[in-house]
Amino acid sequence: MPTTTQDVTPAPEQATTPAPAPLPASAPAPPAPARPRPPARPRPRVLLVGTATAVTALLLLVAVGTLLRQPLLIPPLAASMALVAGAPDLPLSQPRSVVGGQLLSALTGFAVLAVAGPGLWGAAVAGGLALGVMMCARTPHSPAAATAVIVALQAPHFWSFIGLLALASLLLVAVGLAGARAAGRAYPAYWF
């Protein structure tokens with residue numbers, strides 16, 4: 001008798017994934033994500049030294065501006081000093097951002113001024129473009145966008161404005177450095 005062989009092909013293996021176990025009815029729900037909270041109150045020494053640092057820096061800008069018979073205190077610099085004295089750990093407060101952001105924004109304002117002339121429309125464009133320029137240069141400093149607006153509105157003399165702005169920005173960083181040391185805080189986190 002002839003032997004017959006049957007072709008027996010093994011069945012493909014089936015992937016067996018165990019079904020997830022049902023959660024017991026009494027299982028607690030996962031915790032909700034924590035909501036951001038306002039910062040903690042600063043220690044009294046940090047509060048007093050930070051405030052004194054900001055006042056000192058801004059008075060110094062007024063004094064130097066008075067000696068030079070040029071206004072050195074412009075609103076964006078007051079906002080810059082608030083960042084340096086009040087939040088020295090932020091990237092916006094670092095010397096690279098304070099000095100570089102202010103100067104790049106002023107240059108942006110002068111570029112828009114050269115194309116559009118002084119006015120509100122150009123000032124709005126200058127403020128927005130300044131943000132983009134600062135982002136590209138990795139020098140984020142939001143108060144500096146207002147510097148571009150001031151340049152596009154007031155059309156100051158280029159060299160005197162840039163020179164005074166550089167001096168004022170460096171003074172803010174220097175006073176911020178002294179204030180941070182007096183408060184026992186680390187500033188800057190980085191220079192460049």
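Contact here means heavy atoms within 4.5 Å. The structure is a predicted model, in which local features need pLDDT of at least 70 and side-chain atom pairs count only at pLDDT 80 or more, while totals for chains, interfaces and linings use all residues. Residues are numbered from 1 along each chain as its sequence is written, and side-chain values use heavy atoms, with hydrogens and water left out.

**Overall fold**
- The protein chain has 6 helices and 0 strands, where helices (H or I, at least four residues) and strands (E, at least two) are DSSP runs numbered from the N terminus.
- Of the contacts in the protein chain with a separation of 6 or more, 75% join residues 24 or more positions apart.
- Among the 192 residues, 36% count as buried, meaning under 20% relative accessible area, with exposed over 50% and partly exposed in between (1.4 Å probe, protein chains only).

**Nonpolar cores**
- A nonpolar core is a set of buried Ala, Val, Leu, Ile, Met, Phe, Trp, Tyr and Cys residues joined through side-chain atoms within 4.5 Å.
- The largest one holds 28 residues, and Leu 77, Met 81 and Phe 161 have the most contacts inside it.
- Two or more residues of this core come from each of H1 (44-68), H2 (75-86), H3 (95-116), H5 (143-154) and H6 (158-183); H6 gives the most, with 10 residues.
- A second, separate core has 6 residues, including Val 112, Ala 123, Ala 126 and Ala 148.

**Helix H2**
- H2 has 12 residues and reaches 16 Å from its first C-alpha to its last, close to the 16 Å expected; the expected span is 1.5 Å times one less than the number of residues.
- Its buried residues are Pro 76, Leu 77, Ser 80, Met 81, Leu 83, Val 84 and Ala 85, and the buried residues of H2 pack against H1, H3, H5 and H6.
- Beyond its neighbours within four places in sequence, Leu 77 is in contact with residues including Leu 58, Gln 102, Leu 165 and Leu 172.

**Helix H6**
- H6 has 26 residues and reaches 37 Å from first C-alpha to last, close to the 38 Å expected at 1.5 Å a residue.
- Gly 184 follows H6 and has a positive phi, near 75°.
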